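Work through the exercises below with the sequence and the model at hand, and try each task before reading the solution that follows it.

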Amino acid sequence: MNRVHRREFIKRFGLSAASLPFLMGLPSLGLASPARPRQRLVIMFSPNGTIPPAFWPDEAGSDFTLKEIMTPLEAFKDRMLVLQGVSNKVRGDGDNHMRGMSCLLTGIELFPGNIQGGSDTPAGWASGISIDQEIKNYFQSREDTRTRFGSLEFGVGVTDRADPWTRMSYAGPNKPVAPISDPYQMYEKLYGQLKDKESLQSILDDVRGDLKKVRKLISAEDRRLLDDHEALVRQMEKEIKEAGRQKLRVNPPALQEGVVANQNDDVPRLSRMQIDLLINSFVNDMARVATLQYTKSVGMAHMNWLGITDGHHSLSHEPDKDEKAHDKLVKINQWFCGELRYLVEKLANTPEPGDHGSLLDHTLVVWTNELGKGSTHTLDNIPFVLVGGGFGFKMGRSLKLQKVPHNRLHLALAHAVGHRIDTFGKAALCEGGPLSLA
């Protein structure tokens with residue numbers, strides 16, 4: 001029942017508005033809000049900007065033609081929303097690669113720090129939570145949308161080094177979330193049997209007791225850090241408990257053996273393994289939010305499987321008149337789009353458990369980048385391509401916007417799942433409210 005009907009109900013029976021929360025759950029009154037259909041979000045990242053003439057459609061509206069980079073998605077054109085004109089307007093410390101990456105999903109400045117990039121001002125981690133984690137927390141706060149992990153962070157070819165160029169997900173200020181790039185490690189996280197469950201539980205009991213003992217001996221600032229450690233302990237305990245309850249709808253995929261997570265030439269195999277694990281985790285409702293990060297900002301992958309031996313980042317700095325570099329970059333970005341197609345196809349061909357349609361009908365995939373164009377390091381016209389359903393957006397369109405802050409897109413994602421926050425990230429960049437995509 002919508003707000004108007006609820007007001008009429010209150011008026012008709014002479015009730016106070018304060019009583020409504022107590023009456024909402026009574027089925028016989030018909031006031032309970034209907035359950036939302038299952039919703040999921042996947043954010044896929046590829047680095048170093050795109051090639052605008054080979055990426056953005058010339059037309060606006062529903063009658064548009066996909067350019068060369070996006071031709072792998074032709075079969076899903078009616079389920080796409082291409083957003084040209086979305087800009088990362090976050091400024092402050094750090095170079096554009098750093099802010100492009102760590103402000104991409106947070107929409108807020110980096111802390112001052114000692115990590116020196118290509119600018120005059122070194123920087124640290126992002127000073128706020130990322131939209132994937134914000135939506136994950138919202139889902140986890142509700143009984144009907146809570147899952148075992150909440151979110152899963154997949155990496156493909158992401159190096160072990162931790163800095164603002166390698167992290168886009170943040171659990172909060174100064175709290176980067178590392179993607180898992182080793183599919184065998186992700187497999188253990190999802191399906192490990194925890195044979196030493198009792199031993200691990202005992203260790204956590206000891207840790208909890210020790211943390212309690214030292215709390216009175218440390219400063220207020222250290223106690224805040226201790227709170228983070230205790231939260232981690234509680235999360236581990238919860239995962240142990242939930243692991244025993246999890247009943248798989250579908251068995252885990254069989255992973256190819258001998259694929260090395262940090263081996264450049266294994267990236268195509270790593271990509272498919274991670275996507276297969278992602279799909280299986282959704283079918284088994286282990287999470288409803290996921291990120292899929294290919295390499296990193298300033299990523300220097302050598303796409304040897306495409307016949308390209310140059311480093312990706314170095315190629316992205318070549319001038320527009322270098323036709324050979326241009327063709328190689330188009331080929332690289334088209335390969336990323338092909339991996340997106342593989343993900344979308346798997347979602348489309350997998351039935352939605354316990355409901356009508358496919359996983360894609362209930363999943364929105366967002367493909368993005370930290371830069372609009374690699375050679376200029378621009379933060380304008382950041383690629384944002386949305387594919388799928390479940391969020392109520394009007395798909396099958398190409399939109400041309402006017403340097404809209406990407407904070408407004410993040411607000412639209414939050415509102416689409418029922419999380420009615422007024423601002424996200426830097427409040428000043430949220431003027432105008434959620435981007436209208438319905």
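**Exercise 1: a loop between a helix and a strand**

M286 is found in the loop between α8 (267-283) and β6 (287-294), where helices (H or I, at least four residues) and strands (E, at least two) are DSSP runs numbered from the N terminus. The model is a predicted one, in which local features need pLDDT of at least 70 and side-chain atom pairs count only at pLDDT 80 or more, while totals for chains, interfaces and linings use all residues. Residues are numbered from 1 along each chain as its sequence is written, and side-chain values use heavy atoms, with hydrogens and water left out.

Task: determine whether M286 is buried or exposed, and describe what the backbone of D285 does.

Solution. Begin with the cut-offs: buried means under 20% relative accessible area, exposed means over 50%, and partly exposed lies in between, with a 1.4 Å probe and protein chains only. M286 has a relative accessible area of 0%, so it is buried. Next, compare sequence with space: M286 and L152 are 134 residues apart in sequence, yet their C-alpha atoms are 8.7 Å apart. Then turn to D285, which lies in the loop between α8 and β6 and has a positive phi of about 55° although it is not a glycine. D285 counts as buried because its relative accessible area is 17%. A further non-glycine residue with a positive phi, of about 60°, is H377, which lies in the loop between β7 (363-368) and β8 (384-388).

**Exercise 2: the surroundings of S127**

Task: locate S127 in the fold and find which residues it touches beyond four places away in sequence.

Solution. With a relative accessible area of 18%, S127 is buried. Second, list its contacts, a contact being heavy atoms within 4.5 Å: leaving out residues up to four places away in sequence, S127 touches I108, E109, L110, F111 and P173. Third, look at the side chain of S127, which reaches the backbone oxygen of E109 at 2.6 Å. Finally, the C-alpha atoms of S127 and G107 are 9.3 Å apart, although 20 residues separate the two in sequence.

The buried residues of α4 include I131, D132, Y138 and F139.

**Exercise 3: enclosed and open space**

Task: how many cavities of 30 Å³ or more does a search of the whole structure find, and which residues line the largest cavity?

Solution. Start from the definitions: on a 1 Å grid over the protein atoms alone, a cavity is a set of points where a 1.4 Å probe fits but cannot get out, a pocket is an open set with protein on both sides within 12 Å along at least five of seven lines, and lining residues have an atom within 4 Å of a point. Grid points are joined across faces, edges and corners, and a volume is the space filled by probe spheres set on the points. The search finds five cavities of 30 Å³ or more.

The largest cavity has a volume of about 70 Å³, and its lining consists of R36, P37, R38, Q39, Y138, F139, R142, D144, T145, R288 and V417. By class, that lining has four nonpolar, two polar and five charged residues, where Ala, Val, Leu, Ile, Met, Phe, Trp, Tyr, Cys and Pro count as nonpolar, Asp, Glu, Lys and Arg as charged, and the others, Gly among them, as polar.

The second largest cavity holds about 40 Å³ and is lined by S46, T50, F55, N333, W367, T368, N369 and P383; its lining has three nonpolar, five polar and no charged residues.

For open space, take the second largest pocket, with a volume of about 430 Å³. Of the 22 residues that line this pocket, G157, V158, T159, A261 and N262 are the closest to its centre. Its lining has nine nonpolar, nine polar and four charged residues.

Key: Polar contact = N/O pair within 3.5 Å; in protein donor to acceptor, adjacent residues only side chain to side chain.
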